[in-house]
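Here is a short briefing, grouped by topic. Keep the sequence and the model open beside it.

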Amino acid sequence: MSDNTSALTRDLLDSRLEGIFEAILDELRDIVAIPSVSSDPAHAADLEASALHVRDRFIATGLDAKILRVTTPEGIEGKPAVVARTKKIEGAPTVLLYAHHDVQPCGDVSRWSSDPFVAEVRGDRIYGRGTSDDGAGIAVHLGALRLLGDELPVNVVVFIEGEEELGSPSFTTFLQTYKEELQADVIVVCDSDNWKAGEPAVTSSLRGNSVATVDVTIADHAVHSGMFGGPMLDSVTCASMLIASMYDEKGDLVIPGLGGTLEADVEWSEEEFRAAAGLLEGVELVGTGDLAARVWTKPSVSVIGFDACPVSEASNTIAPHTRFKLSMRVVPGVDPHEAMDRLVEFLESHAPFGAKVEVTPNEFGPGYQADMNSALTGLLHEVLSEAWGVPSVNIGVGGSIPFISDFQRLFPDAEVVVTGVEDPLTNAHSEDESQCISDLRAAILAEAMLLTRLASQ
């Protein structure tokens, strides 16, 4: 450890990074090459290989690293996680660096422009599954630690999870089991977004998530559409009417009690939103309020699954039963269980023409609201602005990272900050996922500066 951390200036660290960045990019390529799809049992061996690889990369960086896992009280067997730590510095604060090594499935590979598990550089972006979510997070931690080397002035614990893309089912048990090993003063989660490529951000909030399955039933068996159609509506139509009843003429949800705010700290142009979302020409945006607020701090409900008779198997019968699945993004600060109660009440009270409506809650994930007035948040803004060379901003994120609330609950004395390297063009969870290379470089520099300056906080 250096006695003079002030000597580790931005320019010095940037110069050092110039010499190691290509090696870090190669590390990212190696991570992408392992198809660590946690949701697919066929890739169980790949997930194990990924954990071993990540463990070995941190060992090569000078940390003591091992693979850990737990089984929950309900019998859920957790996926392999990597926990690594630096040599103990007495009296120095401890920082936990989080990322995850599992990835989403690739979907239809024919929709990718290149092999999803062979990282390919095109211009200032590197493409492949996990290049950004969250291989880039691992690369940021590796890069920052290598950049500082023996001059690292704080204690660091690295926690690389292996089941984030599954919803982290054993996360709480893992934290409880290894609480002593994971104790920290500061927790840095590197699994979020920047405002745009080239424009860094601190994540100020994340929406929660509540998922439910809805069954709509109108009869005890199918009947002929010609004999009974007219006075008798099919269950698909009733389900569609039920879904439509959640919205007003502007596209805002009308479910009472869900909360939300209409204003955001930044302006998200419709043109940029449409381009990032791939919206077809003529398809209108819905809802009221700032566009960013509609994604970050207002609730939303999406139909993510719908069971109906396939067109290829259609017959002239009235469907007696239809099932669909809803994903409700919950306003930061609102309890997802309370939001689910409001959703259930609304759907059951709006059953079309007396159809039987049964709502089954499936899962809950709490949101996140950062302390925007804390010294740590100010320091994070400082290093992001210096590393990128442009002012950082506060952004919400419409998606959910439910485990952050577990960090806050089980480590109440630690402050959690959320940052990341994704951007609107990343396409995480979809085809042609990619990472902006210059942003990856800046993120490494920012984290190294953060670790340096935390020693004097």
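**Contacts around Thr203**

Setting aside neighbours within four places in sequence, Thr203 is in contact with Ser192, Asp193, Tyr368, Ala370, Ile395, Val397 and Val418. The model is predicted.

- Thr203 sits in strand E8, which covers residues 201-206.
- The relative accessible area of Thr203 is 0%, so this residue is buried.
- One of its contacts is polar: the side chains of Thr203 and Ser192 meet at 2.7 Å.

**Aromatic pairs and a cluster**

- The whole structure holds 16 aromatic pairs.
- Among them is the pair of Tyr98 and Phe407, which is edge-to-face. The ring centres of Tyr98 and Phe407 are 6.1 Å apart, and the planes make an angle of 80°.
- Tyr98 belongs to strand E3 (residues 94-100) and Phe407 to helix H12 (residues 403-410), so this pair ties together parts that are 309 residues apart in sequence.
- Tyr98 has 0% relative accessibility and therefore counts as buried. Phe407 is buried too, with a relative accessible area of 0%.
- Trp268 and Trp296 form a tilted aromatic pair, at 6.0 Å centre to centre and 35° between the planes.
- Trp268 lies in the loop between helix H7 (235-244) and helix H8 (270-277), while Trp296 lies in helix H9 (residues 291-296), so the pair links parts that are 28 residues apart in sequence.
- Trp268 counts as buried at 18% relative accessibility, under the 20% limit for that class. Trp296 is buried with a relative accessible area of 7%.
- Which residues form one aromatic cluster? They are Tyr98, Phe159, Phe171, Phe174, Tyr178, Phe403, Phe407 and Phe411.
- A charged residue also meets a ring: Arg122 lies over the face of Tyr127, at 3.9 Å from the ring centre.

**Helix H3 and its ends**

- Helix H3 runs over residues 135-148 and has 14 residues. From its first C-alpha to its last, H3 reaches 20 Å, close to the 20 Å expected at 1.5 Å a residue.
- Is H3 largely enclosed or largely open? Of its 14 residues, 13 are buried, so H3 is largely enclosed by the rest of the structure.
- The peptide bond from Asp133 to Asp134 is cis, and its omega is near 5°.
- Gly149 follows H3 and has a positive phi, near 55°.

**A domain from the record**

- UniProt, in an unreviewed entry, places the feature "domain: Peptidase M20 dimerisation" at residues 211-352.
- Over residues 211-352 the chain is 30% helix and 20% strand. The end C-alpha atoms of this stretch are 22 Å apart.

**The loop between E17 and E18**

- Ser430 lies in the loop between strand E17 (415-422) and strand E18 (434-436). The relative accessible area of Ser430 is 25%, so this residue is partly exposed.
- Not counting residues up to four places away in sequence, Ser430 touches Trp112 and Arg129.
- Ser430 and Trp112 are 318 residues apart along the chain, yet their C-alpha atoms are separated by 9.1 Å.
- Asn427 is in the loop between E17 and E18. Its phi is near 65°, a positive value in a residue other than glycine. At 31% relative accessibility, Asn427 counts as partly exposed.
- His429 is in the loop between E17 and E18. The phi of His429 is near 75°, a positive value in a residue other than glycine. His429 is partly exposed, with a relative accessible area of 45%.

- Where is Asp108 placed? Asp108 is in the loop between E3 and strand E4 (120-122).
- Asp108 has a relative accessible area of 45% and is therefore partly exposed.
- C-alpha to C-alpha, Asp108 and Ser430 are 9.5 Å apart in space, against 322 residues apart in sequence.
- The side chains of Asp108 and Ser110 make a polar contact of 2.6 Å.

Key: Residues numbered from 1 in each chain as written. Predicted model: local features only at pLDDT ≥ 70, side-chain atom pairs only at ≥ 80, totals over all residues. Heavy atoms only, no water. Helix = DSSP H or I, 4+ residues; strand = E, 2+ residues; numbered from the N terminus. Buried < 20%, exposed > 50% of the residue type's maximum accessible area, 1.4 Å probe, protein only. Polar contact = N/O pair within 3.5 Å; in protein donor to acceptor, adjacent residues only side chain to side chain. Contact = heavy atoms within 4.5 Å. Phe/Tyr/Trp six-rings, centres within 6.5 Å; stacked < 30°, edge-to-face > 60°. Lys NZ or Arg CZ within 6 Å of the ring centre and 35° of its normal. Expected span 1.5 Å × (residues − 1). UniProt positions renumbered as here; feature names shortened; annotations may be inferred.
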